[in-house]
Every structure is written in C-alpha cells, then in structure tokens.
Amino acid sequence: MTTTNIDPRYPIGEFQLQPFSHKLKEQYLTDLTFLPTDVEMAVLNLDEPQLDTPYREGGWTIRQLVHHIADSHMNAYIRFKLAMTEDNPTITPYQEKHWANLADVYDEPINMSITLLHALHRRLVTALRSIEDGDWESRSVFHPGHQRKLTLWELLGIYSWHSRHHVAHIKALREEKGW
C-alpha cells in the first residue's frame, strides 16, 4: 500500500548533510557499490511501455531515469577525481533536463547505462576507498551553479542519496502500478 503523504518527487526525503562518521561513510560506499545492481533489479522484466511511463506526473520516464543516473554518476566520478587531485577546482554544471531528452536516451536500451554503471561504480568506489579520512572534509570542488564549495564528504552523501532516491522512484511506480 502506497502512503499518500509522501512527496513523489522525494520518496526518501530530500538530501540532508550528516556529520562525517566511519559508519556513515561505509553505508554511503555500500550504497554506491550496490547502485548498479539495485537499478538492474528495479527495472527487471519491465517492458517498453512500462519503461516509457513517468514515475510521477510531469516527471521523467523510467527510461530517462536510468540514463540520467548514468549521466549524473559519470559527472560524479569526474567531480570526485577533480576534488582528489586539484585544489578546490570549479566543476562544470550540466543541464540534466536537456540531457534526459537527447537521442541516446531514447535510442539506446537502458542496459547500456546499466552496464556502464557497473563498470563506473567499480572504479568510483575503488577511488573513494583510497581517500584518507582527513581529506573527506578538507578536499572540495566549487559548484558555480550553487555558488559554493562542496566537500568530498558532501559529494559522497549527495550521490549516495541520489542513488537511493532514483531507485525509490522506480520501485514506487512499480508498487503503484502493480508491476
């Protein structure tokens, strides 16, 4: 049974930055480790019309969500590596709404993005596990769209949340539709 008071835009709530802890770091890394499989399981056995169903009114389709996760996490990988190797570099924002409407989203099967996520997250988590505890809050990037610095710790929290957030969109739609 779906709870009606949950905002369909934020099925797990909005991102809330938490203080650094080893326990939370391990949870975030686990979220990133299992994201590709979580996405794969969330879309298992969906047909083309189901993949083209928006997760909420005015929202992206499941197909767009899967490709968006890959697009977003490719950007995340670059952002993390920049923060790990440069002194507070300025990152490049991207127009995710426009990216979600490009031909590759509609013309390529979602398994292309799922396969990409498996390889990408293996490298991402390996890189993240090499970060020294002191660097999580001292190394950062500057996000010009938000006009502020984002630490490695905040990025880790954001992408852990982002992973769970979009998988929850797909699962909520499946539950609502009885798929």
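The crossing of helix 1 and helix 3 is left-handed, meaning that the near helix is turned anticlockwise from the far one by less than a right angle. Helices here are DSSP runs of H or I with at least four residues, numbered from the N terminus. The axes, lines fitted to C-alpha atoms over the stretch in contact, come within 11 Å and cross at roughly 160°. That makes helix 1 roughly antiparallel to helix 3, a label for angles over 145 degrees, with angles running from 0 to 180 degrees between N-to-C directions. On the helix 1 side the contact (heavy atoms within 4.5 Å) is made by Leu32, Leu35 and Val39, and on the helix 3 side by Val66, Ile69 and His73. These residues divide into five nonpolar, one polar and no charged.

A word on the source: this is a predicted model, where local features need pLDDT of at least 70 and side-chain atom pairs count only at pLDDT 80 or more, while totals for chains, interfaces and linings use all residues. Residues are numbered from 1 along each chain as its sequence is written, and side-chain values use heavy atoms, leaving out hydrogens and water.

Now for helix 6. Its 20 residues, 110-129, reach 28 Å from first C-alpha to last, close to the 28 Å expected at 1.5 Å times one less than the number of residues.

Gln50 is buried, at 15% relative accessible area. Beyond its neighbours within four places in sequence, Gln50 is in contact with Asn45, Ile62 and Trp179.

How values were computed. Helix = DSSP H or I, 4+ residues; strand = E, 2+ residues; numbered from the N terminus. Parallel < 35°, antiparallel > 145°, perpendicular 65-115°, else oblique. Nonpolar A, V, L, I, M, F, W, Y, C, P; charged D, E, K, R; others polar. Buried < 20%, exposed > 50% of the residue type's maximum accessible area, 1.4 Å probe, protein only.
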